[in-house]
Amino acid sequence: MTGDVRVDRAEPLPDSVRAQLASAGSATVANMLLRRGLRNVIMSGVQPLAAGQPPLVGPAYTLRFIPAREDLDTLTNYAGSENLHRRAIEECPPGAVLVIDAFGSTAAASMGDMMAARLRYRGVSGVVTDGGYRDSGAIRETGLPCYQRNNAPKATPIALHPVALDQPVGCGGVAVYPGDVLLGDSDGVAVIPRGLAADIAVEASEAAAYEEFAALEIQRGRSLFGLFPGTAESRQEYDTWVAAGRPGLE
């Protein structure tokens, strides 16, 4: 395993790492993590809220829900400034991804459009939940990249009670620790341990570039054998292609 897994999660995620991960994609990143023995990194049942939304990249800031209880989860209590759900919207750091553990429940909303608009204004990178959102159309209009299990139009206190901020959670069947780097795209959401993020970004970016070369060769009629996965010989061809300026099909 390469890289220092003790990286301070409070350190900003470099723009170069964000760009490399976004260009590589969650599926390629999952393959890079598999090489390190990490198999459970793609959230199950979590999908983009809007088709064509930009990739989501950033360190995790977490909120955990448990089932609501009627004597605690009232609209009056929900409106208080100490409500952890509302605090999460104001305290999630700019550039981070708010990860909401809703224990898979879509019985009530993990977020609504006013919250999404506030996060967008504050510079948060996006939101991921294994629950769902209300006011989905209005959330799409904010332009904030969001992922969910399914729409959940009911008011949050009906079924969800917030109990923890910035602590380890489970989301879509994957463990998420504060500071882990999330990458979301049309394929899904991958979770990358923070200490591996920089190395994974480089490897995944290089793998994505090789796949671009392999795709061109396949369009020319070439067999997968000896091309994908790459061999020493095909890697030499790839290096020649890069040196030539990555020419496309003639």
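Visitor: Tyrosine 210 and phenylalanine 213 are in helix H7; by about how much of the helix are they separated?
Guide: The model under discussion is predicted. Helix H7 covers residues 197-219, and tyrosine 210 and phenylalanine 213 are 3 residues apart in it. The separation is therefore about one helical turn.

Visitor: Which class of ring pair do tyrosine 210 and phenylalanine 213 form?
Guide: A pair of aromatic rings is described by the distance of the centres and the angle of the planes. For tyrosine 210 and phenylalanine 213, the centres are 5.7 Å apart and the planes stand at 55 degrees. Planes under 30 degrees apart would count as stacked and over 60 as edge-to-face, so this pair is tilted.

Visitor: Is phenylalanine 213 buried or exposed?
Guide: The relative accessible area of phenylalanine 213 is 4%. Buried means under 20%, so phenylalanine 213 is buried.

Visitor: Which class describes the rings of phenylalanine 213 and tyrosine 238?
Guide: Their centres lie 6.0 Å apart, with the planes at 65 degrees. An angle over 60 degrees meets the cut-off, so the pair is edge-to-face.

Visitor: How many residues apart in sequence are the parts that this pair ties together?
Guide: Phenylalanine 213 belongs to helix H7, whereas tyrosine 238 belongs to helix H8, residues 232-243. The pair therefore ties together parts whose separation in sequence is 25 residues.

Visitor: What is the charged residue whose end sits over the ring of tyrosine 210?
Guide: Tyrosine 210 is itself buried, at a relative accessible area of 2%. The charged end over its ring is 4.1 Å from the ring centre and belongs to arginine 235.

Definitions and conventions: Residues are numbered from 1 along each chain as its sequence is written. This is a predicted model: local features need pLDDT of at least 70, side-chain atom pairs count only at pLDDT 80 or more; totals for chains, interfaces and linings use all residues. Side-chain values use heavy atoms; hydrogens and water are left out. Rings of Phe, Tyr and Trp (its six-membered ring) pair if their centres lie within 6.5 Å; planes under 30 degrees apart count as stacked, over 60 as edge-to-face and the rest as tilted. Helices (H or I, at least four residues) and strands (E, at least two) are DSSP runs, numbered from the N terminus. Buried means under 20% relative accessible area, exposed over 50%, partly exposed in between (1.4 Å probe, protein chains only). A charge sits over a ring if NZ of Lys or CZ of Arg is within 6 Å of the ring centre and within 35 degrees of the ring normal.
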